[in-house]
Amino acid sequence: MSRRAYPTDLTDQEWAVLEPIVPHPKSGGRPAEHSRREIINGITYVLRSGCAWRLMPHDLPPWPTVYDYFRQWRIDGTWEHINAVLREKLRISLGREAEPSAAIIDSQTVKTTEKGGRAAMTPARKSRDANDIF
């Protein structure tokens with residue numbers, strides 16, 4: 001990197017874990033202009049700072065390029081795959097099974113009235129006429 005690092009940039013250790021998971025450039029066609037690490041650094045900058053894509057600093061890859069990769073990876077399931085791999089690695093490092101053995105399903109109960117139709121509705125109030133006030 002020929003720029004100063006942002007706090008959101010990947011460390012060498014983080015990149016070593018992510019590099020095998022992040023899709024490599026496709027063969028053929030034009031060579032990639034920006035490294036995958038810099039693309040990820042641009043994505044993490046926007047996600048952590050909460051800024052708009054267009055407000056990305058100019059020393060990161062151009063925002064349309066970073067956004068395009070973010071969107072493409074969201075659509076093709078790359079982010080879900082990265083999350084699954086990282087979750088498995090974390091669980092194994094904690095001495096647990098790679099996959100959880102139980103799931104918690106939570107649902108909210110929506111309470112309704114016993115009555116239905118017009119009886120359940122609150123009647124509208126009549127507005128006062130200006131002559132009734134004075």
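Two residues are in contact when heavy atoms of theirs lie within 4.5 Å. Keep that in mind as we work through this predicted model.

**Exercise 1.** Find what share of the contacts between residues at least 6 apart in sequence join residues at least 24 apart.

*Solution.* Start with the chain: its secondary structure comes to 5 helices and 0 strands, giving the pattern α-α-α-α-α along the sequence. Next, take the contacts between residues at least 6 apart; 51% of them join residues at least 24 apart. For burial, 23% of the 134 residues are buried.

**Exercise 2.** Decide how helices H3 and H4 are oriented to each other.

*Solution.* Two packed helices are described by the angle between their axes and the distance between the axes. Step one: H3 (residues 63-75) and H4 (residues 78-93) pack at about 75°, with axes 5 Å apart. Step two: angles of 65 to 115 degrees count as roughly perpendicular, so H3 and H4 are roughly perpendicular to each other. Step three: look at who makes the contact. H3 brings Phe-70, Trp-73 and Arg-74, while H4 brings Thr-78, Trp-79 and Glu-80. By class, that is 3 nonpolar, 1 polar and 2 charged residues.

**Exercise 3.** Describe the largest pocket and its lining.

*Solution.* Begin with the volume, which is about 430 Å³. Then turn to the lining: 18 residues, with Pro-25, Ala-32, Arg-36, Tyr-69 and Gln-72 nearest the centre. Sort the lining by class to get 7 nonpolar, 5 polar and 6 charged residues. Finally, ask which helices take part: H2 (36-49) and H3 each supply at least two lining residues, and the largest share, 5 residues, comes from H3.

Key:
Residues are numbered from 1 along each chain as its sequence is written. This is a predicted model: local features need pLDDT of at least 70, side-chain atom pairs count only at pLDDT 80 or more; totals for chains, interfaces and linings use all residues. Side-chain values use heavy atoms; hydrogens and water are left out. Axes are lines fitted to C-alpha atoms, for helices over the stretch in contact, and angles run from 0 to 180 degrees between N-to-C directions. Helices (H or I, at least four residues) and strands (E, at least two) are DSSP runs, numbered from the N terminus. Angles under 35 degrees count as roughly parallel, over 145 as roughly antiparallel, 65 to 115 as roughly perpendicular and the rest as oblique. Ala, Val, Leu, Ile, Met, Phe, Trp, Tyr, Cys and Pro count as nonpolar, Asp, Glu, Lys and Arg as charged, and the others, Gly among them, as polar. On a 1 Å grid over the protein atoms alone, a cavity is a set of points where a 1.4 Å probe fits but cannot get out, and a pocket is an open set with protein on both sides within 12 Å along at least five of seven lines; lining residues have an atom within 4 Å of a point. Grid points are joined across faces, edges and corners, and a volume is the space filled by probe spheres set on the points. Buried means under 20% relative accessible area, exposed over 50%, partly exposed in between (1.4 Å probe, protein chains only).
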